Amino acid sequence: MTLPLTTDTLRHCYEFLDSTPPFNKWNLPDSPDVKFKVIRDPALRGWYRKENGKHTIGVSSSCVGHTLSLMIVMAHEMIHVFEEHSNACGAGEHSAAFNRWAAQVCKFHGYDPKLF
């Protein structure tokens, strides 16, 4: 059985992760200030962008079908939210700062850094 993705599921995942270290120290936007989208891109697990000035996270139902996968993808995109929210965006998609924050997230949550 595949985990059904909905915008509510994505929002609850974001809220859970936001309540845990290191996210709970980052002053991320509250979930009502983030737009969540379920997408069907078979080549992309997820993405973050700013749309009309609003933080937006998309997660692909074509690539994410299990809870652990969703948690990893959401955590990854939340680092991008943090980069943008704190005006710390570096050059390239995954800056040195992104990689340092990803290492913190992976260490705390037990995620494989190679998947990040």
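This is a predicted model: local features need pLDDT of at least 70, side-chain atom pairs count only at pLDDT 80 or more; totals for chains, interfaces and linings use all residues.
Let's start with the helices. Find α2, residues 67–85, and then α3, residues 96–109. How do we describe a pair like this? In general, two packed helices are described by the angle between their axes and the distance between the axes. Here the axes come within 10 Å, and they cross at roughly 135 degrees. Over 145 would count as roughly antiparallel, and 65 to 115 as roughly perpendicular, so with that angle α2 is oblique to α3. As for handedness, the crossing of α2 and α3 is right-handed.

So which residues make the contact? On the α2 side you've got Ala75, His76, Ile79, His80, Phe82 and Glu83. Coming from α3, there are Phe98, Trp101, Ala102 and Val105. Sort the contact of α2 with α3 by class and you get 7 nonpolar residues, 2 polar and 1 charged.

Now, cysteines. How many disulfides does the structure hold? The count is 0. Take Cys63, which is in no disulfide: its nearest cysteine sulfur belongs to Cys13, and that's 16 Å away. A disulfide needs the two sulfurs within 2.5 Å. Cys106 is in no disulfide either, and there the nearest cysteine sulfur, again that of Cys13, is 14 Å away.

Key. Residues are numbered from 1 along each chain as its sequence is written. Side-chain values use heavy atoms; hydrogens and water are left out. Axes are lines fitted to C-alpha atoms, for helices over the stretch in contact, and angles run from 0 to 180 degrees between N-to-C directions. Helices (H or I, at least four residues) and strands (E, at least two) are DSSP runs, numbered from the N terminus. Angles under 35 degrees count as roughly parallel, over 145 as roughly antiparallel, 65 to 115 as roughly perpendicular and the rest as oblique. A crossing is left-handed if the near helix is turned anticlockwise from the far one by less than a right angle, and right-handed if clockwise. Contact means heavy atoms within 4.5 Å. Ala, Val, Leu, Ile, Met, Phe, Trp, Tyr, Cys and Pro count as nonpolar, Asp, Glu, Lys and Arg as charged, and the others, Gly among them, as polar.
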